[in-house]
Amino acid sequence: MRRISRITVAGAATASLALALSACGGTSTSAGSDSKGDKGLAIAYDVGGKGDQSFNDAAYAGLEQAKKEFGYQTADVEPTEGETNADKEQRLVSLAKQGYNPVVGVGYAYAAAVKGAAEKFPKTTFGIVDDATINTKNVADLVFNEEQASYLAGVAAAKTSKTKVVGFVGGVDIPLIHKFQAGFAQGVKDTDPKVKVLSQYLTQTAEEGGFASPDKGKTAAEGQIEKKADVVYAAAGLSGQGVIEAAATEKVWAIGVDSDQYQQEALAKYKDSILTSAMKDVAKAVYNLAKSVEDGKPETGIVRGDLKSGEVSLSNSNPKFADDAELQAAIKTAKEKIISGEIKVKSS
């Protein structure tokens with residue numbers, strides 16, 4: 001149960017929330033069954049927004065699970081083009097002011113905003129996905145060992161490739177995405193040193209659209225496929241849809257990211273070309289934070305998901321991947337060695 005009941009006048013609260021957020025991105029709210037009007041989890045999306053078929057959608061899945069289980073009101077808020085850190089902070093402040101708890105910024109770009117909002121609302125728990133830089137007593141840094149799942153993706157790519165050339169497409173040239181590239185390249189080389197890895201980043205900054213431009217992803221993948229890559233791994237948010245489309249068109253393999261992209265409705269027509277996906281369970285991390293607040297024991301500090309905890313993994317939805325005994329054995333061996341510490345996966 002919640003330690004502090006936030007009793008609000010529903011109509012006034014909804015109206016004032018709409019006004020407060022109108023200048024910094026749209027919002028959708030959904031009322032639960034709690035007669036007291038308590039408000040629970042709120043999330044603010046990163047670039048790409050809801051519908052990115054990646055980690056924004058995974059965060060929303062966590063929100064939906066919390067809403068269903070705890071029966072309270074939730075909110076999810078879209079980003080706006082060209083917004084500043086101040087805009088992001090105002091978005092989080094508006095949610096906290098209305099009584100939402102916890103409030104989660106989905107993506108490292110919210111670091112400054114979460115820090116500022118958390119200082120203003122010390123009794124509210126804040127979370128941030130993919131950032132470990134905030135050392136504040138009411139903030140949970142929800143981070144993952146993406147390089148570990150990416151290593152397994154590299155094993156899969158090396159074992160599957162016929163041309164001995166595979167590709168990596170990163171959305172933005174930043175340390176977070178370097179983790180995906182480093183793990184993937186290491187997994188490939190450890191499995192078959194003869195396999196060449198082609199790597200490309202779409203943009204230098206997120207503002208240039210590296211995580212939100214399927215056309216950029218498609219062009220990059222097409223270039224790698226022209227150079228004989230027959231497996232292409234994308235860590236590029238919404239841009240990864242373009243990579244998957246290019247792979248399907250050229251009849252080579254794509255490896256998805258963050259969520260099980262084989263299962264995603266928006267990518268259904270390409271799913272037979274999605275070998276697997278290197279997943280991180282953002283939904284579980286977001287839900288767990290909401291549950292910790294609901295239980296009166298809010299998570300704070302660095303909260304890390306890895307292979308051992310099961311919060312990073314490879315998906316097995318594609319039968320051609322799941323039923324390949326030799327491939328599955330190689331992945332299982334690599335996973336066990338990573339968990340035991342025999343294999344130390346690079347993060348840069």
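Lys228 sits in the loop that links helix H7 (214-226) to strand S9 (231-235). This is a predicted model. Lys228 is not a glycine, yet its phi is positive, at about 85 degrees. Lys228 counts as exposed because its relative accessibility is 57%, and the cut-off for exposed is over 50%.

Asp258 also has a positive phi without being a glycine; the value is about 70 degrees. Asp258 belongs to strand S10 (residues 253-258). Its relative accessible area is 8%, so Asp258 is buried. Most residues other than glycine have a negative phi, and most peptide bonds are trans.

The peptide bond from Asn101 to Pro102 is cis. Its omega is near 5 degrees. Pro102 is in the loop between H3 and strand S4 (103-106).

## The chain as a whole

The protein chain holds 11 helices and 13 strands. It has 348 residues, and 56% of them are buried. Take the contacts between residues at least 6 apart in sequence: 70% of these join residues at least 24 apart.

Helix H2 covers residues 55-70, which makes 16 residues. At 1.5 Å a residue, H2 should span 22 Å. The C-alpha atoms at its ends are 22 Å apart, so expectation and model agree. Buried residues of H2 are Phe55, Asn56, Ala58, Ala59, Gly62, Leu63, Ala66, Lys67 and Phe70. Gly71 follows H2, with a positive phi near 60 degrees.

H2 packs against helix H9 (residues 282-294) at an angle of about 35 degrees. The two axes are 7 Å apart. The crossing of H2 past H9 is right-handed. On the H2 side, the contact uses Phe55, Ala58, Ala59, Ala61, Gly62, Leu63, Gln65, Ala66, Glu69 and Phe70. On the H9 side, it uses Val282, Ala283, Val286, Tyr287, Ala290, Lys291 and Glu294. By class, the residues of this H2 and H9 contact are 12 nonpolar, 2 polar and 3 charged.

H3 has 13 residues and should span 18 Å at 1.5 Å a residue. Its end C-alpha atoms lie 18 Å apart, which agrees. The buried residues of H3 include charged ones: Lys88, Glu89 and Arg91. H3 is followed by Gly99, and the phi of Gly99 is positive, near 100 degrees.

Helix H3 (residues 85-97) crosses helix H4 (residues 111-120) at roughly 40 degrees. Their axes come within 8 Å. H3 and H4 are therefore oblique to each other. The crossing is right-handed. From H3, the contact residues are Asn85, Lys88, Glu89, Leu92 and Val93. From H4, they are Ala112, Ala113, Val114, Gly116, Ala117 and Lys120. The H3 and H4 contact divides into 6 nonpolar, 2 polar and 3 charged residues.

## Helices H5 and H11

Helix H5 (residues 146-160) packs with helix H11 (residues 325-340) at about 150 degrees. Their axes are 10 Å apart. H5 and H11 are therefore roughly antiparallel, since the angle is over 145 degrees. Their crossing is right-handed.

H5 brings Gln148, Tyr151, Leu152, Val155, Ala156, Lys159 and Thr160 to the contact. H11 brings Glu326, Leu327, Ala330, Ile331, Ala334, Lys335 and Ile338. The contact of H5 with H11 counts 9 nonpolar, 2 polar and 3 charged residues.

## Thr249 in helix H8

Thr249 is part of helix H8 (residues 240-249). Its relative accessibility is 51%, so Thr249 counts as exposed. Thr249 and Glu222 are 27 residues apart along the chain. Their C-alpha atoms are separated by 9.4 Å.

Key
Residues are numbered from 1 along each chain as its sequence is written. This is a predicted model: local features need pLDDT of at least 70, side-chain atom pairs count only at pLDDT 80 or more; totals for chains, interfaces and linings use all residues. Side-chain values use heavy atoms; hydrogens and water are left out. Axes are lines fitted to C-alpha atoms, for helices over the stretch in contact, and angles run from 0 to 180 degrees between N-to-C directions. Helices (H or I, at least four residues) and strands (E, at least two) are DSSP runs, numbered from the N terminus. Angles under 35 degrees count as roughly parallel, over 145 as roughly antiparallel, 65 to 115 as roughly perpendicular and the rest as oblique. A crossing is left-handed if the near helix is turned anticlockwise from the far one by less than a right angle, and right-handed if clockwise. Contact means heavy atoms within 4.5 Å. The expected span of a helix is 1.5 Å times one less than its number of residues. Buried means under 20% relative accessible area, exposed over 50%, partly exposed in between (1.4 Å probe, protein chains only).
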